[in-house]
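Dear colleague,

Please find the structure below, handed over for your own analysis.

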Amino acid sequence: MTSTTGVDRGVNGVTAAAVTPAPHPVAARTRGLRKVYRSTVAVDHVDLDVPLGSVLGMLGPNGSGKTTTIRMLLGLVTPTAGTVELLGHRLPEGAARALPEVGALVEGPGFHPFLSGRENLLRCAAAEPLLATGGIGRAVGEALERVGLADAANRRYRGYSLGMKQRLGLAAALLIPRRFVVLDEPTNGLDPAGTREVRAVIAALHAAGTTVLVSSHLLSEVEATCTHVAVLHRGSVVAQGELGELLDAGDNGLLVSTPDTTVAVDTLRDKRIPARVTPDGLRVDLTTTTAPDVVATLVAAGVAVHEVRRQRAGLEELFTRLTEADQNGAALSDLDGRLQLSPVEEVSR
Amino acid sequence: MTTLTVSGQVSAPVARTHAPIGRLLRSELRLVLRRPRTLIALGLLVLVPVLAGIGIALAADGTLEPPPGAEGPGAIAAILSENGLVLPIFVLTISLQMLLPMVGAMWAADALAGESSVGSLRNLLVAPVGRARLLGVKAFGVATAVVIGVGLMTASGVISGLVLLGGNSMITISGTTLSFWPALGRILLTALLVTVQVLAVAAVALAISSVTEHPLIVMAVSLGGIIVFTVLNAIPALSWLHPLLITDSWQAMIDVMRDPIPTDALVEGVLRAGCYLAIGGSLALARMLTRDG
């Protein structure tokens with residue numbers, strides 16, 4: 001199956017960079033995940049891989065199954081069918097072993113309104129298996145500090161603004177150093193400064209080697225912070241892989257600025273590389289070749305090359321194409337086999 | 001600890017998979033006892049014996065004239081006057097009919113449904129606190145609140161009885177007189193029996209609480225159930241059904257005021273409560289293990 005090999009290649013690409021070969025190259029993996037609520041199929045055929053050490057952005061329109069998938073990843077919801085592997089442990093049997101090292105902010109922050117922010121965190125901390133009883137006070141203090149709630153720590157949660165509530169949820173997820181952090185819409189209700197802070201937190205986690213799964217509907221946020229992307233649509237993963245690869249795959253073209261368009265096109269066509277003239281130069285199709293080859297060919301032929309750049313679709317364009325695609329899947333046809341793709345027909349049954 | 005990079009998990013030391021149970025129980029107790037509702041309910045339970053004592057004292061003084069021929073407050077006042085140690089038993093028995101089960105159901109409602117409705121149950125499940133363990137912790141919180149509630153009501157009843165109605169002995173329904181310490185024994189026995197009954201209701205309420213995320217539904221079903229049971233219990237034609245109804249035991253509670261105590265109905269009541277506890281507990285457990293968090 002091409003989709004599986006595509007995934008494995010992506011995974012190996014990540015682990016090869018690690019200093020020690022890890023026995024479990026993914027932080028989380030789902031296979032054939034399906035969840036049916038009464039008669040509604042919330043999630044179907046979700047084969048998601050969260051490569052170890054990656055920051056995976058989970059994108060999808062409202063109701064595409066992001067939160068349901070995350071809840072199954074964390075063992076909160078039992079899948080109707082399919083398997084979940086979290087930090088090398090199968091759920092639900094391995095939940096007790098895997099979950100202590102997982103921090104999560106799911107479906108918004110959930111705290112007791114009559115307790116202060118600190119009291120709420122103390123309660124979360126009491127339930128953390130990896131936190132020593134003596135270290136609770138300090139861990140809570142540091143977590144509050146990290147999300148900028150130290151000043152409001154003793155105020156009742158009831159009086160918190162939406163952004164402060166969100167920060168407290170983030171603090172609970174980061175009470176102890178984690179191997180895997182799951183953040184479901186972490187920037188909901190945050191002002192631009194808060195959003196930047198969340199990005200900084202994610203970057204810091206990534207730098208420390210923590211795997212992060214962020215679900216979001218804010219594309220720019222994902223593009224700015226993520227190394228990998230998974231796009232969900234109508235309960236299925238329609239694309240996943242490295243962010244750069246995904247963007248490249250959408251439009252496999254190279255834009256070359258040159259005055260010698262005729263010579264360039266002829267040279268390339270001699271080498272069986274498809275190219276066509278555009279107003280500023282030419283567009284070279286990279287399906288059968290690579291960018292360095294194209295440049296080398298042109299330079300060897302004496303073509304004056306002013307500028308060469310990859311034609312990249314923005315994430316937004318890609319997202320729109322994937323999630324608003326025709327039922328016949330025509331819009332997906334130009335994505336190549338390096339990426340795991342489910343035909344749209346399968347999605348929309 | 002700061003760089004938790006992946007290492008071979010086979011050789012890794014066995015990491016703790018759950019927080020110490022003592023810490024969880026303390027945290028739960030702290031939550032239950034800081035909830036404003038809990039404090040209001042406990043205050044109410046303390047207040048009821050005081051108000052009852054004042055009312056009866058006023059009636060006994062003749063300040064409140066009972067309607068002619070009525071066997072209402074006047075009759076009770078006649079028994080209670082100068083017989084203050086009966087007050088806690090009187091109040092506990094009356095409160096068992098509705099007030100105490102309601103408060104117990106409220107605590108059970110807050111324990112799971114309430115926690116689920118604000119979303120904080122997720123935090124515990126993801127921590128993770130094992131599901132069976134979580135139910136145990138929650139049941140402990142509810143049970144502790146019930147014990148504290150009945151205990152406070154009893155203590156308040158004893159004090160109000162002694163202060164407002166006087167007397168340091170207890171005249172039983174059978175006509176005998178118990179001295180102070182045996183009387184106190186009867187009061188503690190009543191408190192114990194009432195606690196068991198309230199715990200049984202709370203266990204069933206906890207099972208309902210594990211099904212829904214709306215605390216109000218738990219209250220409605222529990223109270224509705226008690227009212228229906230009371231009505232069924234009052235219909236003689238349904239006497240075959242009465243042994244199944246927990247409310248049936250509550251009528252017999254007054255047996256503690258007889259001398260010697262007829263134990264049959266009281267023991268049966270405890271056994272029946274035990275069945276309700278077992279059924280409620282297992283339903284709650286079954287649901288907790290499968291519920292979507």
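The model is predicted: local features need pLDDT of at least 70, side-chain atom pairs count only at pLDDT 80 or more, and totals for chains, interfaces and linings use all residues. Residues are numbered from 1 along each chain as its sequence is written, and chains are lettered from A and ligands numbered from 1 in the order in which they are written.

In chain A, the domain assignment (automatic or from a database) gives domain 1 (4-248) and domain 2 (252-311). Their C-alpha centres lie 43 Å apart.

In chain B, helix 8 (residues 180-209) and helix 11 (residues 263-290) pack with their axes 7 Å apart, at an angle of about 25°. Helices are DSSP runs (H or I, at least four residues), numbered from the N terminus; axes are lines fitted to C-alpha atoms over the stretch in contact, with angles from 0 to 180 degrees between N-to-C directions. Helix 8 and helix 11 of chain B are therefore roughly parallel (under 35 degrees). The residues of this contact (C-beta atoms, placed from the backbone, within 7 Å) divide into 15 nonpolar, 4 polar and 1 charged.

Helix 2 (residues 36-60) and helix 4 (residues 86-96) of chain B have axes that come within 10 Å and cross at roughly 120°. Val48(B), Pro49(B), Ala52(B) and Gly53(B) of helix 2 make the contact with Leu87(B), Pro88(B), Val91(B) and Ser95(B) of helix 4.

Kind regards

Notes. Helix = DSSP H or I, 4+ residues; strand = E, 2+ residues; numbered from the N terminus. Contact = placed C-beta atoms within 7 Å. Parallel < 35°, antiparallel > 145°, perpendicular 65-115°, else oblique. Nonpolar A, V, L, I, M, F, W, Y, C, P; charged D, E, K, R; others polar.
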